[in-house]
Amino acid sequence: MPTGFPDFRLGSVLATSFTGTLSERHGDAVERIPTPHRLVDWLAVNGLAVDSCTTAQLDRARELRESIHVAATASALQDALPASAVQVINDCSVQGRAAAILTPEGERRWRLSSASRVEDALSVIAADAISIIAGERDGKLALCASPTCRAAFFDTSQSRTRKWCDMNTCGNRQKKARFKANQRKNLRAAE
């Protein structure tokens, strides 16, 4: 991947991974798909390869990303889903012509109608968002405990009590901060 761009934060759930292309929403926001080509990169990494992307398609992708984030956040908080977010998700879902295919290994893959159809890829992401927000999958939507992140994530842990969107970033950062605070406290107590 090109240098100069932040790494992608990949998860096992397509829709919430997509919302993670904008992280640290309540701190110093990090845009992980700043250019059309970067969206092409993200889609390829997630099995939705397209040949190209226009600025208008990138704008539509970001609109979908934010709509999924808003709807997933509302769902995690058990609030009413915002009508405008639902409309964007539904519009993106019906605009694509992707098809699920079964591989010889027994895995599901997506076939886009043509290699340059970003709309097909967005429809797959929107459909994934619909399935998790509608409660069709085993798990629950939750919000990251990091005050600067607050990303929506899909918790599939056995106890459904996960706190962090990603243990390697937000969870690790919080644990380090707690460790350093305890070290300072112990140093002051020793003085």
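# Helices, cores and cysteines in a predicted model

Student: In this predicted model, how far does H3 reach from its first C-alpha to its last?

Tutor: H3 has 22 residues, and at 1.5 Å a residue a span of 32 Å is expected. The span computed from the predicted coordinates is close to that expectation. From first C-alpha to last, H3 reaches 31 Å.

Student: Which residue that follows H3 has a positive phi?

Tutor: Most residues other than glycine have a negative phi. After H3 comes a residue whose phi is positive, near 60°. That residue is Gln78.

Student: Which residues of H4 are buried, and why do they lie on the same side of the helix?

Tutor: An α-helix has 3.6 residues a turn, so residues three or four places apart point the same way. The buried residues of H4 are Ala85, Val88, Ile89 and Cys92. Because they cover an arc of only 95° around the axis, they are on the same side of H4. The set asked for is therefore Ala85, Val88, Ile89 and Cys92, and the arc that places them together is 95°.

Student: Against which helices do the buried residues of H4 pack, and which exposed residues does the face turned away from them carry?

Tutor: The buried residues of H4 pack against helix H3 (55-76) and helix H5 (118-133). The face of H4 turned away from its buried side carries two exposed residues, Ala83 and Val94.

Student: Which element gives the most to the largest nonpolar core?

Tutor: The largest nonpolar core has 37 residues, and those with the most contacts inside it are Phe18, Leu39, Leu64 and Ile125. At least two residues of this core come from each of helix H1 (14-19), helix H2 (36-45), H3, H4, H5, S5 and S6. With nine residues, the element that gives the most to this core is H5.

Student: With which residues is Leu64 in contact, leaving aside its neighbours within four places in sequence?

Tutor: Leu64 is one of the buried residues of H3, and it is among the residues with the most contacts inside the largest nonpolar core. Val88, Ile89 and Cys92, which are among the buried residues of H4, are in contact with Leu64.

Student: How many residues does the second, separate core have?

Tutor: In soluble globular proteins, nonpolar side chains tend to be buried together. This second core is separate, and it includes Ala142, Cys149, Cys165 and Cys170. Its number of residues is eight.

Student: Which cysteine has the sulfur nearest to that of Cys53?

Tutor: Cys53 is buried, with a relative accessible area of 14%. Cys53 is in no disulfide, and the nearest cysteine sulfur is 12 Å away. That sulfur belongs to Cys92.

Student: Is Asp128 buried or exposed, and with which side chain does its own side chain make a polar contact?

Tutor: Asp128 lies in helix H5. Its relative accessible area is 11%, which means that Asp128 is buried. Leaving aside neighbours within four places in sequence, Asp128 is in contact with Val13, Leu14, Ala15 and Arg137. The polar contact, at 2.3 Å, is with the side chain of Arg137.

Student: Where is Arg150 found, and what is its phi?

Tutor: At 31% relative accessibility, Arg150 counts as partly exposed. Arg150 is found in the loop between strand S5 (140-143) and strand S6 (152-155). Phi of this residue, which is not a glycine, is positive, near 55°.

Student: In which loop is the place of Arg160?

Tutor: Arg160 is not a glycine, although its phi is positive at about 60°. Its place is in the loop between S6 and helix H6 (167-190).

Student: Which pattern does the protein follow along the sequence?

Tutor: There are six helices and six strands in the protein. Of its 191 residues, 39% count as buried. Read along the sequence, the pattern is α-β-β-α-α-α-β-β-α-β-β-α.

Notes. Residues numbered from 1 in each chain as written. Predicted model: local features only at pLDDT ≥ 70, side-chain atom pairs only at ≥ 80, totals over all residues. Heavy atoms only, no water. Buried < 20%, exposed > 50% of the residue type's maximum accessible area, 1.4 Å probe, protein only. Helix = DSSP H or I, 4+ residues; strand = E, 2+ residues; numbered from the N terminus. Arc of directions from axis to C-beta. Contact = heavy atoms within 4.5 Å. Disulfide = S-S within 2.5 Å. Core = buried A, V, L, I, M, F, W, Y, C linked by side-chain atoms within 4.5 Å. Polar contact = N/O pair within 3.5 Å; in protein donor to acceptor, adjacent residues only side chain to side chain. Expected span 1.5 Å × (residues − 1).
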